Amino acid sequence: MPDRILVTRSSMPSMEEYMEEIKEMWDTHWLTNMGPKHKSLQEKLKEYLSVEAIDLLTNGHMALELSLQALDVKGEVITTPFTFASTTHAIVRNGCTPVFCDIREDDFTIDASKIESLITERTAAILPVHVYGNVCEIETIHSLAEKYHLKVIYDAAHAFGVRYKGKGIGSFGDVSCFSFHATKVFNTIEGGAVCFADEAFGRRIYQLKNFGIRGPEVVDGVGANAKMNEFCAAMGLCNLRHVDGEIAKRKKWWSTIWRGWMECGGSV
């Protein structure tokens, strides 16, 4: 059987770099529960992504699902059909109804000009998706959210490191959710993050990802277990050192493919 041709391949540091990063865990035995690797990665990503606040989770799907819970979204959520199944599953698993809006032909993001016609008295939120690094029509979406008092949760899984008008892409909406799955340009093996500005949201998402715990002896809510472990955080610390090179490498590959495509007359 011939070798498979992969669309992408997981970015990894050298084995020596990763082993050096995790070595101290054999002394501390701190493997999960927001340990030093988790805290370090959280701070470094906050700086790299230029966001006000960030929390790390076990994967990008739980970032979406728990963000909808933290914002107490109920009813209809306008989103795009051009996305991975996780986006819609997060809506449905929260007991909400996805309402699909068509996409733009030029960049595959949600067509913001068609959102308003889909808003009803049951609409609670908009969940747009940045696609292939292409940014949604943020100003129009923000204006509609203000007009109709809707929450905005961005799925930014395809937009790691993207900046829009001088701001990190995770700065927009009530919350922006990232995936750090192995296939992404930046990965933590499995992982995800929520970026936000509201402190109350931050407290709520922390409770939801950690069994409803609010303190050493206080559990005053019902939560899940969606914490990023130390081994994944360590992989993230290593990969973050090389991510700019990985982005440049993918940009070069895309430019080569695009050039070849155009030389063929823009046809297969």
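This is a predicted model: local features need pLDDT of at least 70, side-chain atom pairs count only at pLDDT 80 or more; totals for chains, interfaces and linings use all residues.
Buried means under 20% relative accessible area, exposed means over 50%, and partly exposed is in between, with a 1.4 Å probe and protein chains only. Helices are DSSP runs of H or I with at least four residues, strands are DSSP runs of E with at least two, and both are numbered from the N terminus.

Residues are numbered from 1 along each chain as its sequence is written, and side-chain values use heavy atoms, with hydrogens and water left out.

I start with helix H6, residues 138–148. Its buried residues are Ile-138, Ile-141, Leu-144 and Ala-145. They sit on the same side of H6, because they cover an arc of only 135 degrees around the axis; that arc is taken over the directions from the helix axis to the C-beta atoms. The face turned away from this buried side carries Glu-146 and Lys-147, which are exposed. What covers the buried residues? Strand S4, strand S5 (151–155) and strand S6 (163–164) are included in the cover, where contact means heavy atoms within 4.5 Å. Just after H6, His-149 takes a positive phi of about 55 degrees.

Now the sheet. It is open, has 7 strands in the order S1-S9-S8-S5-S4-S2-S3, and its pairing is mixed; two strands pair if DSSP finds at least two bridges between them. Strand S1 (53–57) and S3 stand at the edges with a single partner strand each, so one side of each has no neighbour in the sheet. On average, neighbouring strands are turned by 25 degrees against each other, direction ignored. Axes here are lines fitted to C-alpha atoms, for helices over the stretch in contact, and angles run from 0 to 180 degrees between N-to-C directions.

Is S1 covered or open? It is mostly covered, with 5 of its 5 residues buried. Ala-53, Asp-55 and Leu-57 point one way from S1, and Ile-54 and Leu-56 point the other way. S1 is joined to S9 by 5 bridges, and the two run antiparallel. In that pairing, Asp-55 stands opposite Val-194 in S9.

Moving to strand S2, residues 76–79: Glu-76 and Ile-78 point one way, Val-77 and Thr-79 the other, and all are buried. S2 is joined by 4 bridges to strand S3 (residues 97–100), and these strands run parallel. Ile-78 stands opposite Val-99 in S3. Between S2 and S3 the chain passes through helix H5 (residues 85–93), and this β-α-β crossover is right-handed: with the strands pointing away from the viewer, the path from the first strand over the helix to the second runs clockwise.

S2 also has 4 bridges to strand S4 (residues 123–127), again in a parallel arrangement. Thr-79 stands opposite Leu-127 in S4, and Glu-76 stands opposite Thr-123. S4 is largely enclosed by the rest of the structure, because 5 of its 5 residues are buried. S4 and S5 run parallel and are joined by 2 bridges, with Ala-125 opposite Lys-151 in S5. The chain gets from S4 to S5 through H6, and this β-α-β crossover is right-handed.

Next, the helices on the sheet. Helix H3 (residues 36–49) lies across S1, strand S8 (175–179) and strand S9 (192–196), and runs at about 135 degrees to S1. H4 lies across S1, S4, S5, S8 and S9, at about 160 degrees to S8.

Two packed helices are described by the angle between their axes and the distance between the axes. For helix H4 (residues 60–70) and H5, the angle is about 35 degrees and the axes are 9 Å apart. This crossing is right-handed, the near helix being turned clockwise from the far one by less than a right angle, as against anticlockwise for left-handed. On the H4 side, His-61, Leu-64, Glu-65 and Leu-68 meet Ser-86, Thr-87, His-89, Ala-90, Ile-91 and Arg-93 in H5.

Which residues does Leu-68 contact, leaving aside its neighbours within four places in sequence? They are Val-73, Ala-90, Ile-91, Asn-94, Leu-127 and Ile-153. The C-alpha atoms of Leu-68 and Ile-153 are separated by 7.7 Å, although the two are 85 residues apart along the chain.
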